[in-house]
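Please study the sequence and the model before reading each solution.

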Amino acid sequence: MGITSRRSFLQGALALAEPAPPDPSHRLWYAQPAPDWNEALPIGNGRLGAMVFGGMEEEHLQFNDDTLVSSAPGVDDLPLDVTQKFDQVVTLLRAGQYAEASAIMSANWTGRSWPCYQPFGDLAISFRHPEKVSEYTRELDLDGALSIVRYKCGIVPFQRECFASQPHQLIVLRLLAGRFGALNFRAGLSSVHPTAAVEAMPRGLRMRGQAPGLALRRTLEWVEQRKEQWKYPEIWNSDGSRRPVAKPVLYGAEVGGRGTRFEARLALHSTNGDVRVEKDALVVESASEAILLLGTSTSHKPQDLDSLLRKASETTYFNLHARHGEDHRKLYRRCTLALGQPSPQSQLPTDQRIEKFGTGQDAALASLYFHFARYLAISGSRPGTEPLNLQGIWNSQVIPPWASSYTININAQMNYWPVETANLSECAEPLLRMVKELSDRGREVATNMYKRRGWVAHHNTTLWRGAQPVDNDAMPSFWPMGGAWLCQHLWEHYAFTQDKAFLAEAYPVMKGAAEFLCDWLIDDGKGHLVTAAGNSPENRFVYLDAQGQKRTAGVCMGPTMDLAITRDLFRNCLEAAQILGYNDPQLAEMREKMAKLLPYQVGARGQLQEWPVDFEEREPAHRHISHLYPLHPGREITPRSNPRLCEAARRTLELRGDGGTGWSRAWKICFWARLEDGDHAHTLLRNLFQPAKSAEGKYDRGGVLPNLFCSHPPFQIDGNFGGAAGIVEMLLQSHDGEVHLLPALPAAWPAGSVKGLRARGGYEVDLTWAEGRLVEARIRSATAATCPVRYRGRAESITLPARIGPTLSLL
């Protein structure tokens with residue numbers, strides 16, 4: 001539209017709309033700006049994300065692009081060879097010399113520290129407010145995917161709207177004042193990267209820079225103490241001495257020119273004020289409205305910023321907003337959850353609701369948490385983008401916690417647990433595509449490092465799809481099960497969509513992971529097959545050595561989770577082959593080896609054993625509960641198929657306790673729901689809502705941050721998705737061959753409704769209940785004519801489409 005005159009704006013634009021009452025199930029809102037990143041509000045379009053602080057004197061957007069990552073493809077691979085020490089390691093493990101075996105594995109079978117997901121930049125907008133500010137609110141409208149800030153300066157109302165448009169691939173900001181001439185601001189770009197430089201453009205600013213070629217998560221002393229300087233020739237010479245430029249973060253020439261290049265553009269779409277562009281600032285004065293556009297591009301995945309900005313500038317703000325809202329709502333409105341009537345507590349600001357959740361007076365906060373997780377999936381994972389990492393797409397640190405990468409011994413998988421069940425199947429595409437890309441790199445690792453068939457990935461990967469083990473000790477880094485677990489998502493996508501064409505594409509990837517496991521299994525000396533060496537993420541056990549001394553280790557043969565993932569993958573491959581009509585020679589091998597896998601063991605305390613031996617856990621309340629994989633997300637242990645192992649799983653959870661990190665509590669919600677104990681699942685949900693903020697500026701507890709992000713601590717987004725998945729598991733399950741209605745409904749939710757949940761088999765389900773009992777269920781499917789349904793111990797096959805009551809009879 002260009003820069004326009006004051007007269008070209010409708011007078012109605014100045015009469016700022018009064019805010020609607022906050023919807024407690026679809027809106028986050030606050031009475032003060034965010035004092036910290038952990039309280040800012042996220043927006044995103046899958047690729048481009050930002051945290052909006054909502055300051056009065058200065059607005060701050062910290063923004064990210066999902067392809068800005070340190071390092072480069074292939075440079076983190078090392079010449080590792082499992083076969084050179086394989087026999088020695090297996091001999092030690094058979095002899096119960098676990099610590100000795102682990103030391104050899106750590107020294108010879110682990111790689112480099114993994115690359116870090118990077119912050120991109122910051123947009124700061126400084127306002128001139130001559131009078132006192134009052135009546136402040138900021139909010140995040142989940143249904144509209146819109147951040148809004150409202151306040152008054154004196155008697156003049158001000159409003160900001162901000163969204164990340166997927167159709168236009170830009171962040172759009174609208175700044176409004178209720179009086180002509182009252183809007184005056186300076187906008188500037190900056191970055192934490194010292195390579196970034198800002199220059200003026202005709203209608204805005206451009207910032208260009210380069211991400212680190214190396215961002216090492218370890219201190220130099222840590223690496224030197226372990227004598228691993230050889231892994232990082234960028235920092236150390238071949239003799240182990242430090243190079244002249246020796247530091248954890250290296251840019252440009254310091255690392256041979258390596259590093260992804262990036263560009264951000266801030267452009268003025270339109271205003272009715274006076275405009276000038278200075279060296280490092282866009283200045284607007286004497287206005288009542290201004291619209292800004294922010295775009296990003298990287299050398300890994302370039303965007304035509306000139307074209308994006310031009311096209312956006314050729315349409316009105318109202319069209320930009322409308323297209324954004326339409327694109328978002330077609331996904332967001334597919335599924336909605338209401339847990340009774342909102343209470344007065346539900347109308348409080350979100351941070352206050354979190355603090356008071358333990359009173360039991362705000363079931364709507366659980367609805368909000370569920371909707372917020374769906375919002376985050378839509379905002380952070382779209383077809384063609386990168387998958388959600390440990391922090392989704394939102395990160396402000398050059399060396400973030402755990403590299404803000406893909407930890408694939410649970411965390412990346414948990415990010416996608418509610419995507420199928422909560423009717424966002426398209427949002428799974430980035431993860432499903434990553435599995436295929438990872439299998440290509442993983443085949444190289446299986447061939448070169450293991451000398452085995454198929455493909456393998458370990459407990460971490462990145463944008464560059466590294467498949468080798470990363471650094472640190474064998475526990476947790478040497479865990480060749482990551483690829484096999486990821487393959488479960490390929491099967492699940494088929495199970496929910498019934499898309500045979502997709503299954504045909506996924507099957508070779510699944511089969512390749514199974515081939516590797518077929519080669520990785522060995523005889524345990526007692527007639528059973530176990531994995532040759534591995535760990536139970538990320539716990540350690542206590543054992544007695546040959547001298548009778550207590551020691552701890554984390555590596556053994558055949559941990560329970562290894563065997564559970566192996567069974568699950570073999571079963572899924574066999575079922576996929578049957579559906580597709582395939583008869584590969586490897587299928588017989590899978591059947592034979594699956595029959596010989598070591599059975600699950602029940603320990604002296606009645607618990608499902610975490611390892612083949614009934615070891616004592618070094619941390620009895622450890623955050624990971626890896627050995628319960630066959631309960632969830634697997635489908636092997638269910639109350640009707642194996643009640644004995646269900647009781648062992650229940651005992652395991654009792655021994656682990658109801659605490660843990662944020663995401664651990666989320667996983668436990670899922671476990672208790674699968675055990676059909678809704679009240680205990682709700683106890684974990686209540687624990688998940690423990691405020692993570694312990695004091696001003698301190699966010700050091702597991703639970704929920706003021707902005708509803710989940711805290712490990714620190715922030716990890718996986719708990720948001722795990723918690724949402726657990727809420728679904730309480731209301732609907734379909735992993736056991738039937739659609740189970742309200743399998744774990746807690747007493748805390750006596751009445752409610754949910755529309756648009758998805759079930760395996762291609763079903764979509766709406767539920768209404770009151771006084772703790774089903775009132776009505778509607779089930780439909782585009783692929784099936786009947787549906788096996790269970791409710792309160794009764795099971796029937798229902799003809800579709802169906803509207804059924806509490807006796808499973810048609811209404």
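**Exercise 1.** In which strand is the place of Arg 174? Determine also whether Arg 174 is buried or exposed, and state which side chain Arg 174 joins in a polar contact.

*Solution.* The model is a predicted one.
Step 1. Arg 174 belongs to strand β9, which covers residues 170–177.
Step 2. The relative accessible area of Arg 174 is 8%. Buried means under 20%, so Arg 174 is buried.
Step 3. The side chain of Arg 174 makes a polar contact of 2.8 Å with the side chain of Glu 289.

**Exercise 2.** Describe the largest cavity and its lining.

*Solution.* Step 1. The volume of the largest cavity is about 230 Å³.
Step 1. Its lining consists of 20 residues; nearest the centre lie Tyr 416, Trp 417, Glu 492, Phe 496 and Arg 760.
Step 2. At least two lining residues come from each of α9 (417–421), α10 (429–450), α12 (482–497) and α19 (718–731). The most are given by α12, namely five.
Step 3. By class, the lining of the largest cavity holds ten nonpolar, five polar and five charged residues.

**Exercise 3.** Describe the second largest cavity in the corresponding way.

*Solution.* Step 1. The second largest cavity has a volume of about 170 Å³.
Step 1. It is lined by 20 residues, with Asp 76, Asp 77, Pro 115, Gly 466 and Ala 467 closest to its centre.
Step 2. The lining of the second largest cavity comprises eight nonpolar, seven polar and five charged residues.

Definitions and conventions:
Residues are numbered from 1 along each chain as its sequence is written. This is a predicted model: local features need pLDDT of at least 70, side-chain atom pairs count only at pLDDT 80 or more; totals for chains, interfaces and linings use all residues. Side-chain values use heavy atoms; hydrogens and water are left out. On a 1 Å grid over the protein atoms alone, a cavity is a set of points where a 1.4 Å probe fits but cannot get out, and a pocket is an open set with protein on both sides within 12 Å along at least five of seven lines; lining residues have an atom within 4 Å of a point. Grid points are joined across faces, edges and corners, and a volume is the space filled by probe spheres set on the points. Helices (H or I, at least four residues) and strands (E, at least two) are DSSP runs, numbered from the N terminus. Ala, Val, Leu, Ile, Met, Phe, Trp, Tyr, Cys and Pro count as nonpolar, Asp, Glu, Lys and Arg as charged, and the others, Gly among them, as polar. Buried means under 20% relative accessible area, exposed over 50%, partly exposed in between (1.4 Å probe, protein chains only). A polar contact is a pair of N or O atoms within 3.5 Å; within protein, one must be able to donate a hydrogen and the other to accept it, and residues adjacent in sequence count only if both atoms are side-chain atoms.
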